[in-house]
Amino acid sequence: MTTAAAWAKKNLFGSPANTVLTLLGLALLWQVVPPFVGWALIHASWGAGTPESCRQAGGACWTLLAERHRLMLFGLYPYEQHWRPFLAMLLFVALLAISSQRRCWRPWLGALWAAAVVLIGVLMWGGVLGLATVETAQWGGLPLTLVIAVLAIVIAFPMSIVLALGRRSQLPAIKAVSVGYIELVRGLPLVSVLFMASVMFPLFLPEGITIDKALRALVGMTLFTAAYLAEAVRGGLQAIPKGQFEAADALGLGYWQTMRLIILPQALRLVIPPIVNQFITCFKDTSLVTIVGLYDLLAATKASLNDPAWRPFFVEGYLAAALVYFCFCFFMSRYSQWLERELAKGSR
Amino acid sequence: MTAAAPIIELRDVNKWYGEFHVLKDVTLEVAKGEKVVVCGPSGSGKSTMIRCINRLEEHQSGRIVVDGIALGDDLKAIDAVRRRVGMVFQSFNLFPHLTVLENLTLAPVKVAGIAPKDAQATAMALLERVRIPEQASKFPGQLSGGQQQRVAIARALCLKPAVMLFDEPTSALDPEMVGEVLDVMSSLAAEGMTMICVTHEMAFARAVADTMVFMDEGRVVEIAPPSQFFDSPANERTRRFLGKIIGK
Ligand SMILES: Nc1ncnc2c1ncn2[C@@H]1O[C@H](COP(=O)(O)OP(=O)(O)OP(=O)(O)O)[C@@H](O)[C@H]1O
Ligand SMILES: [Mg+2]
């Protein structure tokens with residue numbers, strides 16, 4: 001207790017200015033916290049119920065989540081088939097958990113990804129093994145968000161490395177293509193890239209061939225993310241001293257060997273923060289696929305509030321969706337910090 | 001010096017950086033087992049010349065032949081030459097993300113296709129030779145400058161080169177570490193390695209070199225055995241340079 005008091009005296013009341021700030025802070029907390037606790041916990045209604053029972057309780061209506069969470073999580077996916085996207089989601093999370101372990105960074109991880117993606121596709125799509133076919137237009141909610149975000153990131157990342165290398169290439173044609181691509185895509189808002197992928201792209205295809213709507217959105221997200229990632233990767237490439245290239249040349253390593261074994265491992269390590277930044281942005285930007293008519297987590301949440309009886313409780317709905325987004329983004333952020341420390345072990 | 005065909009031959013080599021004429025009609029022959037020390041004022045083109053020998057820089061005219069292979073635009077020839085020539089840089093240029101052992105085994109495994117086990121055995125033997133076997137599993141950043149440069153020498157030796165190029169290998173080192181690197185280079189010389197060293201360590205040059213080369217403003221101004229070079233240099237510019245560097 002005395003140490004706590006000493007700490008408080010030193011850190012909170014050390015000077016008149018500090019004292020004033022501390023008191024102001026306390027006043028603010030007093031204004032905000034008790035009402036929030038009262039709303040979110042004490043007067044809240046939990047468990048099954050109706051909008052009516054919520055209104056009587058007067059606080060937060062977590063009942064909304066109990067009643068509507070399946071619509072929020074899975075969107076328009078056929079109700080009795082919800083176990084399929086649920087399983088797909090679990091698979092995704094397990095896949096991410098495995099991939100994040102350093103000791104699992106082996107060639108078989110690539111095979112595992114391929115297998116998991118196929119399995120998730122089969123689960124979601126169906127049409128085989130006695131599973132009813134579910135068009136992607138009916139996919140929705142968190143599984144759709146995860147599928148688009150994770151696949152966009154996983155495909156855009158290697159693409160961005162190729163683009164970044166291309167932009168630094170000695171060959172004028174390759175350089176021009178890379179620069180052109182990056183500058184063009186970076187110059188457009190994501191919304192318009194999604195629109196182009198979704199509306200204009202099919203116009204160029206021969207008649208009769210249609211590309212799935214979710215796939216088009218995925219292509220749009222991937223193209224967009226790759227352009228930004230490429231610039232982050234290029235930043236890392238530029239930070240590598242010339243001597244590293246010369247040492248590799250002098251040892252007789254070829255271009256791709258030099259890049260793969262010497263330059264990229266160092267360059268990518270340097271740019272983990274901006275790369276993860278872009279991953280997080282990509283994850284959150286999936287909420288924009290709603291403009292091409294897909295029901296991602298946010299759109300599904302909104303849809304679940306369409307019922308006029310539940311509409312007054314939109315705050316609870318959006319808070320829940322925000323919490324889900326936050327969990328994934330926070331995980332990525334913490335993971336990148338861990339990764340930086342892990343990779344810095346020993347070296348430097 | 002032997003009379004056999006030279007292992008390195010530069011004949012009337014010219015190089016420009018844009019308008020700037022860096023190498024002017026450079027001609028130099030190095031016999032197998034010969035130790036050549038190159039010196040000269042800063043900017044005289046010493047680095048450029050030895051970097052042309054393994055094609056880190058390309059020359060625009062003249063002939064460079066290494067172990068019978070003429071250097072030109074032929075990529076196969078460049079690879080072959082690089083296999084025969086090891087290079088040590090002023091700034092070490094070790095790969096910081098790899099351990100010392102990995103630095104040494106990388107090229108043998110990935111370029112020469114040697115089995116990792118054999119490459120590791122060779123690497124350990126070389127680390128013994130440069131007297132730091134106990135550092136094998138450390139990262140370059142954990143070593144002193146002198147130790148790093150000795151690792152760099154061992155790395156260049158891993159592909160069993162016929163020729164070693166040194167570009168001011170000691171000038172980035174603290175004075176107390178210069179000796180350990182020169183010792184390694186001396187014993188390499190004693191084992192009969194063909195070496196071209198750019199260095200201003202004149203005591204080392206006098207003890208080890210068969211031939212001294214003095215360069216100034218892109219030209220080879222004087223080529224002579226060390227005794228003659230140091231005691232009675234033929235060229236006025238050599239004399240002035242030696243006067244400055246040895247402080248006579
Ligand atoms: N990439 C380049 N582009 C243009 N000029 C260059 C380049 N590299 C070197 N030079 C110039 O070429 C000349 C010779 O350079 P070089 O590095 O060969 O000199 P050096 O004799 O090794 O000097 P030092 O003792 O300082 O290392 C210098 O005047 C330098 O400025
Ligand atoms: Mg130099």
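The model is predicted, so local features need pLDDT of at least 70 and side-chain atom pairs count only at pLDDT 80 or more, while totals for chains, interfaces and linings use all residues. Residues are numbered from 1 along each chain as its sequence is written, chains are lettered from A and ligands numbered from 1 in the order in which they are written, and side-chain values use heavy atoms, leaving out hydrogens and water.

- Strand 8 of chain B covers residues 194–198; helices (H or I, at least four residues) and strands (E, at least two) are DSSP runs, numbered from the N terminus.
- Five of its five residues are buried, where buried means under 20% relative accessible area, exposed over 50%, and partly exposed in between (1.4 Å probe, protein chains only).
- In a regular strand, side chains alternate between the two faces of the sheet.
- Here, B:Thr194, B:Ile196 and B:Val198 point one way, and B:Met195 and B:Cys197 point the other way.
- Strand 3 (residues 35–39) of chain B runs parallel to strand 8 of chain B, joined to it by four bridges; two strands pair if DSSP finds at least two bridges between them.
- Strand 7 (residues 163–167) of chain B also pairs with strand 8 of chain B in the parallel sense, over five bridges.
- B:Val198 has B:Val38 opposite it, and B:Asp167 stands opposite B:Val198 too.

**Around ligand 1**

- The residues around ligand 1 include B:Tyr17, B:Phe20, B:Lys46 and B:Glu168, each having a heavy atom within 4 Å of the ligand.
- Helix 1 of chain B gives the largest share of this shell, three residues.
- By type, the shell divides into four nonpolar, six polar and two charged residues.
- An oxygen atom of ligand 1 is 2.6 Å from an N or O atom in the side chain of B:Ser42.
- An oxygen atom of ligand 1 also lies 3.2 Å from a polar backbone atom of B:Ser44.
- Taken alone, ligand 1 exposes 640 Å², and the protein buries 59% of that (Shrake-Rupley method, 1.4 Å probe).

**Two loop residues with positive phi**

- Most residues other than glycine have a negative phi.
- B:Lys160 has a phi near 50 degrees, and sits in the loop between helix 5 (145–157) and strand 7 of chain B.
- B:Lys160 counts as exposed because its relative accessibility is 61%.
- B:Glu217 has a positive phi of about 50 degrees, in the loop between strand 9 (211–216) and strand 10 (219–224) of chain B.
- B:Glu217 is exposed as well, with a relative accessible area of 53%.

Conventions:
Polar contact = N/O pair within 3.5 Å; in protein donor to acceptor, adjacent residues only side chain to side chain. Nonpolar A, V, L, I, M, F, W, Y, C, P; charged D, E, K, R; others polar.
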